[in-house]
Amino acid sequence: MSKESDFYKKLKLSLEETTTFPTEYMFKFIIPASDEKFKFIENVFNNLGAVINTKPSKTGKYTSLTILVKMNSSDEIISKYKEVSTVEGIISL
């Protein structure tokens, strides 16, 4: 079994033990500064009523994203993590 699938299984278990759904969930990411990458992530959360806050790094090479959005299940949260994992250089916190 891959590290990635282990991560998602542990995350699902943790969310189901500690979270009552629906819930306001906070995603945090760091991405290389790029309008294209930001727009892709913005589109992943489009039409969900997400509040997206950005903060550039001191050097301007990276952007920190904090996304607050209502999620209905642990599977929905994991689905969003998987969608954004395709962005080159993304770090999920």
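This is a predicted model: local features need pLDDT of at least 70, side-chain atom pairs count only at pLDDT 80 or more; totals for chains, interfaces and linings use all residues.
**Exercise 1. How many salt bridges does the structure hold, and which residues form a network of them?**

Step 1. Start with the general idea. Side chains of opposite charge can pair when their charged atoms come close.

Step 2. Take the total. The structure holds 3 salt bridges.

Step 3. Look at K12 and E16. Their side chains meet in a salt bridge, with 3.0 Å from N to O.

Step 4. Look at K12 again. Its side chain also meets that of D75, at 2.6 Å from N to O. This pair links distant parts of the chain: K12 is in helix 1, while D75 is in helix 3 (residues 74–84), 63 residues apart.

Step 5. K12, E16 and D75 are linked in a network of salt bridges.

**Exercise 2. Where do E16 and K12 lie, and how many residues apart are they?**

Step 1. Find the element. Both residues lie in helix 1, which spans residues 3–18.

Step 2. Take the spacing. E16 and K12 are 4 residues apart, about one turn of the helix.

**Exercise 3. Are K12, E16 and D75 buried, exposed or partly exposed?**

Step 1. Buried means under 20% relative accessible area, and exposed means over 50%. Partly exposed is in between.

Step 2. With 45% relative accessibility, E16 counts as partly exposed.

**Exercise 4. Which residue forms a salt bridge with K80, and is K80 buried or exposed?**

Step 1. Find the partner. K80 forms a salt bridge with E83. The closest N and O atoms are 3.4 Å apart.

Step 2. Check the spacing. K80 and E83 are 3 residues apart in helix 3, so about one helical turn separates them.

Step 3. Classify K80. Its relative accessible area is 11%, so K80 is buried.

Step 4. Classify E83. At 33%, E83 is partly exposed.

Step 5. List what surrounds K80. Leaving out residues up to four places away in sequence, K80 touches F27, V44, F45, L48 and M71.

Step 6. A polar atom of the K80 side chain lies 2.9 Å from the backbone oxygen of V44.

**Exercise 5. Where is T66 found, and which side chain joins that of T66 in a polar contact?**

Step 1. Locate T66. It is found in strand 3, residues 62–71.

Step 2. Classify T66. Its relative accessible area is 18%, so T66 is buried.

Step 3. Name the partner. A polar contact of 3.1 Å joins the side chains of T66 and K28.

Step 4. List the contacts. Setting aside residues up to four places away in sequence, T66 touches M26, F27, K28, V51, I52 and N53.

**Exercise 6. Which residues make the nonpolar surface patch, and where is V51 found?**

Step 1. Name the members. M26, V51 and L68 make a nonpolar surface patch of about 250 Å².

Step 2. Locate V51. It is found in strand 2, residues 51–56.

Step 3. Check the accessibility. Patch residues need over 30% relative accessible area. V51 has 47% relative accessibility, so V51 counts as partly exposed.

Step 4. Link back to Exercise 5. M26 and V51 are among the residues that T66 touches.

Notes. Residues are numbered from 1 along each chain as its sequence is written. Side-chain values use heavy atoms; hydrogens and water are left out. Patches are made of residues with over 30% relative accessible area and no salt bridge: like charges are joined within 9 Å, nonpolar side chains (Val, Leu, Ile, Met, Phe, Trp, Tyr) within 5 Å. Accessible areas come from the Shrake-Rupley method with a 1.4 Å probe; for residues, only the protein chains shown count as cover. A salt bridge is a side-chain nitrogen of Lys or Arg within 4 Å of a carboxyl oxygen of Asp or Glu. Helices (H or I, at least four residues) and strands (E, at least two) are DSSP runs, numbered from the N terminus. Buried means under 20% relative accessible area, exposed over 50%, partly exposed in between (1.4 Å probe, protein chains only). A polar contact is a pair of N or O atoms within 3.5 Å; within protein, one must be able to donate a hydrogen and the other to accept it, and residues adjacent in sequence count only if both atoms are side-chain atoms. Contact means heavy atoms within 4.5 Å.
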